[in-house]
Amino acid sequence: MIVADRLDGGGGDVVPLCRELAIPRAGGTVFADILGVARTGRLVVIECKLWRNPQARREVLAQIVEYAALLRRWSFGDLTARLKRKLAIAEQNPIFELAKAKWPELEEAPFVDAVMRSLKLGDFQLIIAGDGIRSDTHAIAEHLNSQGAGLAQLTLLEIQLWQAASGNLVVLPSVPLRTEVLQQRVLVNGDGMPLQLEAPEIVSAASDETMESVVDPERANRRGVNRAFWQRFIDQVQFDHADQLPPRHGGDNWVRIPLPEPLGWITGFRSAGTRAEVGLFLTFHDEDGQNLFEGFHNDMAELRSESGLDLVTRLKSAAPFHAELGVFRPRSDLADDEQQLDWLCDAANDLSP
């Protein structure tokens, strides 16, 4: 129960979108208790906590600020894809559909624009709900400013539970402290949207095996056949994620599917010889890659469930660190190129964010 009329910002009612939203990060996935959206298109993040001691208060403040910072990196396509998987629904725009069910007069284009703006600016309604909340408003503001949370509004929502003699449970929500709007300066373009500085793509050198120079006509013919296969993959693969960039050729018998940093890309490949395989995988290198890999490894059960893929990890080298996470199948399991192509297209969509 959210007392929307007590919150600053004129957001009005809130529609819940999902519970336990998985938000990937370096070091492991975190989960926002509740994600919702206001009629204005502003996203609402709610974290629930039993406030047993000061340590719990500090932890939940850090958590909700982290969720806001991570969500700000998402595009509308990122959020839509995550919700479609989480809710197991086929609607192309689940955020709008859920909102329109409550507010039939909503128009899709301006509502989607507002949600996109909420993400780009980090303009979220952050709500911490708990029993017996006690805190200093100025300390909270200083904490958020130190975290660089952007444009955010924090509300502490106190929930009191009372049980009547009849056995009925009475829920009394209240806002014990006023809210503060915290702003930081953001460079914007002519349309009022923030400017994002993108780092140039770092392309690592491919292995000697995959980039080996062609030295005979037979090998040249094989390379031509392989390139034609992967061009068909590039032309045919379709992604649920609206922002997913198309694959591009990487070398002999492999392609690169671009992903946001720090993931880099998914490698799609076919190999020959005694261990002939077809598959897709992410590569992790050095200390930063090891931390990211360990986070994924700890969440392996959830990743398998979410993607529907039999994901495995492969440690290539401990020092320097080099590991892979992906899905692999013997080429003998797939009768011909057509079956390989179909499997790769489906797996690439399931493996992408």
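This is a predicted model: local features need pLDDT of at least 70, side-chain atom pairs count only at pLDDT 80 or more; totals for chains, interfaces and linings use all residues.

Where is Pro320 found? I traced Pro320 to the loop between β12 (312-318) and β13 (321-330). I went there for the peptide bond from Ala319 to Pro320, which is cis, with omega near -5 degrees.

**Entry: whole chain**

I stepped back for the totals. The protein chain has nine helices and 13 strands. Of its 353 residues, 43% are buried. I then checked contacts between residues at least 6 apart in sequence, and 60% of these join residues at least 24 apart. The accessible surface comes to about 19,300 Å², and carbon and sulfur atoms own 51% of that.

**Entry: helix α2**

How many of the twelve residues of α2 are buried? I got nine of the twelve, so α2 is largely enclosed by the rest of the structure. The buried ones are Phe76, Gly77, Asp78, Leu79, Thr80, Ala81, Arg82, Leu83 and Lys84. I noticed that Asp78, Arg82 and Lys84 are on that list. For the cover, I found that it includes β1, β2, β3 (43-50), α3, α4 and α8 (300-307).

At 1.5 Å a residue, α2 should span 16 Å, and its end C-alpha atoms are 16 Å apart, so the two agree.

Next I took α3 (residues 94-102), where Pro94, Ile95, Phe96 and Ala99 are the buried residues. The elements covering them include β1 (14-23), β2 (30-38), α2 (76-87) and α4 (108-121). I wrote down a general point beside this: an α-helix has 3.6 residues a turn, so residues three or four places apart point the same way.

How do α3 and α4 pack, and at what angle? I have about 115 degrees, with the axes 10 Å apart. The crossing of α3 past α4 is right-handed. On the α3 side the contact uses Ile95, Phe96 and Ala99, and on the α4 side Glu108, Phe111 and Val115. I sorted these residues by class and got five nonpolar, no polar and one charged.

**Entry: positive phi away from glycine**

Glu20 is not a glycine, yet its phi is positive, at about 55 degrees. Glu20 belongs to strand β1. Asn253 is not a glycine either, and its positive phi is about 70 degrees. I placed Asn253 in the loop between β8 (248-251) and β9.

Is Asn253 buried or exposed? Asn253 has a relative accessible area of 10%, and buried means under 20%, so I logged Asn253 as buried. For Glu20 the relative accessible area is 38%, so I logged Glu20 as partly exposed.

Conventions. Residues are numbered from 1 along each chain as its sequence is written. Side-chain values use heavy atoms; hydrogens and water are left out. Buried means under 20% relative accessible area, exposed over 50%, partly exposed in between (1.4 Å probe, protein chains only). Helices (H or I, at least four residues) and strands (E, at least two) are DSSP runs, numbered from the N terminus. Contact means heavy atoms within 4.5 Å. Axes are lines fitted to C-alpha atoms, for helices over the stretch in contact, and angles run from 0 to 180 degrees between N-to-C directions. A crossing is left-handed if the near helix is turned anticlockwise from the far one by less than a right angle, and right-handed if clockwise. Ala, Val, Leu, Ile, Met, Phe, Trp, Tyr, Cys and Pro count as nonpolar, Asp, Glu, Lys and Arg as charged, and the others, Gly among them, as polar. The expected span of a helix is 1.5 Å times one less than its number of residues. Accessible areas come from the Shrake-Rupley method with a 1.4 Å probe; for residues, only the protein chains shown count as cover.
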